[in-house]
Amino acid sequence: MTTDALFPGWSDGIVATPGGARIRFRRGGVGPPLLLLHGNPQTHAIWHRVAPVLSRRFDCVAMDLRGYGDSTGPDDPDAPVYDPANYTFRAMAEDALAVMAACGHARFNVCGHDRGGRVTHRLCLDHPEAVERAAVLDILPQRHVFAHATKDWAMKSWHWVFMPQEGGLPERMMESVPAEWYLERKIGKPGVGMGIFDPRALAEYVRCFTSKTIRASCADYRACATLDLAMDEADFAAGRRIECPTLVLWGGGSHTKAVFDDPLPIWRTYVRGPLTGTGVPSGHYLAEHAPEEVLAQLSRFFTREHAT
């Protein structure tokens, strides 16, 4: 349960949240608070190439989402299927608030990749008073994704339609193969492969890809296609948008770019506050594939050097 070599000098903690989760986090640095949120099927270790540098200017907190990494949700760990209501982005956003409160921060910056980007989006909608600035990496709002599904999207994002299936089907299939085998096929994107990942980070993803994580992540994807989507539809119809300054980054070689082209005009429909964004020369895993470019963008944005 250690990522000390990837986050040298950072503290390691667990927060029991009001929602019944136990959230593991790493913390390092001084300055304005910055929360870092990872995606599926990874852990807080995705930030290891950018977090040590960011911590020179920010009080950085990198947490494992509930059910991922060394974090848990409120479910019986032996249950064959977890309750999707426990894995909505709203529940994960509440966890983020609890972790940051435990670190002494009621208002903070947040950066999320993949599922963490969706938690960031929900955090901005549910708790605008808590978010100073927000960055989302290589995602589009699930409301837009589901409304514009195509064959090309389904083939590139096969897990979106596989993992929400009912009756324990994806759980049993995913648990029946070695973690290394599955992860290579999930994160080894065509044209990019596995060479972009630090072996130490990859070992951490493999270590944490247990039955608990598999069941939690399937519940996450079920919630995304049902409960989260319903929340998003209601918020959009009510005119709720992200109000804080927002940065959108995407990989120039990612499936997001390949399927939906330029994400920025799409995000303009969901952001009322100042919005900036750009592509970086990477695949989907920006912070591991193009850390220098991501660092430059995040540092500029969170230190308010860009025009608003």
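**Burial, sheet and cavities**

Reader: Does aspartate 220 count as buried or exposed?
Author: Buried means under 20% relative accessible area, exposed over 50%, and partly exposed in between, with a 1.4 Å probe and protein chains only. The relative accessibility of aspartate 220 is 0%, and therefore this residue counts as buried.

Reader: What kind of model is this?
Author: Residues are numbered from 1 along each chain as its sequence is written, and side-chain values use heavy atoms, without hydrogens and water. Local features need pLDDT of at least 70 and side-chain atom pairs count only at pLDDT 80 or more, while totals for chains, interfaces and linings use all residues, since this is a predicted model.

Reader: In which helix is aspartate 220 found?
Author: Helices are DSSP runs (H or I, at least four residues), as are strands (E, at least two), and both are numbered from the N terminus. The run of residues 211–237 includes aspartate 220, and this run is helix 10.

Reader: Which residues does aspartate 220 contact, leaving aside its neighbours within four places in sequence?
Author: Contact means heavy atoms within 4.5 Å. With neighbours within four places in sequence left aside, the partners of aspartate 220 are Tyr68, Tyr87, Phe89, Met92, Arg115 and Asp228.

Reader: Which are the edge strands of the sheet?
Author: Two strands pair if DSSP finds at least two bridges between them. Eight strands form an open, mixed sheet in the order 1-2-4-3-5-6-7-8. Pairing on one side only marks the edge strands, namely strand 1 (11–16) and strand 8 (275–280).

Reader: In strand 7, which residue is the bridge partner of alanine 134?
Author: Strand 6 (residues 131–137) pairs with strand 7 (residues 246–251) in the parallel sense, over four bridges. In strand 7, the partner of alanine 134 is threonine 246.

Reader: What is the volume of the largest cavity?
Author: On a 1 Å grid over the protein atoms alone, a cavity is a set of points where a 1.4 Å probe fits but cannot get out; lining residues have an atom within 4 Å of a point. Grid points are joined across faces, edges and corners, and a volume is the space filled by probe spheres set on the points. There are four cavities of 30 Å³ or more. The largest has a volume of about 180 Å³.

Reader: Which helix gives the largest share of the lining of the largest cavity?
Author: Among the 19 lining residues, the closest to the centre are Arg118, Asp138, Trp160, His255 and Thr256. The largest share, three residues, comes from helix 11.

How values were computed:
1 Å grid on protein atoms, 1.4 Å probe; cavity = no way out; pocket = protein on both sides within 12 Å on 5 of 7 lines; lining within 4 Å.
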